[in-house]
Amino acid sequence: MTTPESIRRFVEATNAGDTEAFLDTFADDAFLSDWGRSFQGREQIARWNQSDNIGVKSHLRIVNITPAEGTYRVRIAVKGKGFNGEGDMTFTLDGDRITSLVIT
């Protein structure tokens, strides 16, 4: 399956360490949940990005992607100075923006 543009840009921006491009993948009122920790809107997502993503030099690789009922479940391999290993990210999209991202 072809990776949706916003998910591809999310991965590329993370890998490039480009915070502005990373935040631009999200809708203004987007929601992010990281193992039960909730972040609402770009300002809070920017804080998560600094503490858990680009701020810890994460590098992402898509292992597989499965569309399901209006969402995309993406298995991601992560390397960096934070979490290392594989995990699942469930993306909900609206056009070219991420409206919800749930990390489990």
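Select R9 first, in helix α1 of this predicted model. Although R9 is buried, it forms no salt bridge. The nearest side chain of opposite charge belongs to D24, at a distance of 4.0 Å. Next, display the backbone of D96: its oxygen lies 2.7 Å from a polar atom of the R9 side chain. Beyond the residues up to four places away in sequence, R9 touches D24, T25, D96 and R97.

Now widen the selection to the whole of α1, residues 5-16. This helix has 12 residues, and the distance from its first C-alpha to its last is 16 Å, close to the 16 Å expected at 1.5 Å a residue. Which residues of α1 are buried? They are S6, I7, R9, F10, V11, A13 and T14. An α-helix has 3.6 residues a turn, so residues three or four places apart point the same way. Colouring the partners of the buried residues of α1 brings up α2, β1, β3, β4, β5 and β6. Continue past the end of the helix to G17, which follows α1 and has a positive phi, near 70°.

From F10, proceed to the largest nonpolar core, which has 24 residues. F10 is among those with the most contacts inside this core, together with F22, F26, L32, I45, F91 and L101. To see where the core draws its residues, colour the elements that give two or more to it: the helices α1 (5-16), α2 (19-24) and α3 (41-52), and the strands β1 (26-34), β3 (59-68), β4 (71-79), β5 (85-94) and β6 (97-103).

Within that core, centre the view on L32. What is L32 in contact with, leaving aside its neighbours within four places in sequence? The list comprises F26, R37, S38, F39, I45, W48, L101 and I103.

N53 is found in the loop between α3 and β3.

Two loop residues with positive phi complete the tour. Select W35, in the loop between β1 and β2 (37-40). Its phi is near 50°, a positive value in a residue other than glycine. Is W35 buried or exposed? W35 counts as exposed, since its relative accessibility is 66%.

Then move to E69, in the loop between β3 and β4. E69 has a positive phi of about 45° and is not a glycine.

Conventions. Residues numbered from 1 in each chain as written. Predicted model: local features only at pLDDT ≥ 70, side-chain atom pairs only at ≥ 80, totals over all residues. Heavy atoms only, no water. Core = buried A, V, L, I, M, F, W, Y, C linked by side-chain atoms within 4.5 Å. Buried < 20%, exposed > 50% of the residue type's maximum accessible area, 1.4 Å probe, protein only. Helix = DSSP H or I, 4+ residues; strand = E, 2+ residues; numbered from the N terminus. Contact = heavy atoms within 4.5 Å. Lys, Arg positive; Asp, Glu negative; His and termini not counted. Polar contact = N/O pair within 3.5 Å; in protein donor to acceptor, adjacent residues only side chain to side chain. Expected span 1.5 Å × (residues − 1).
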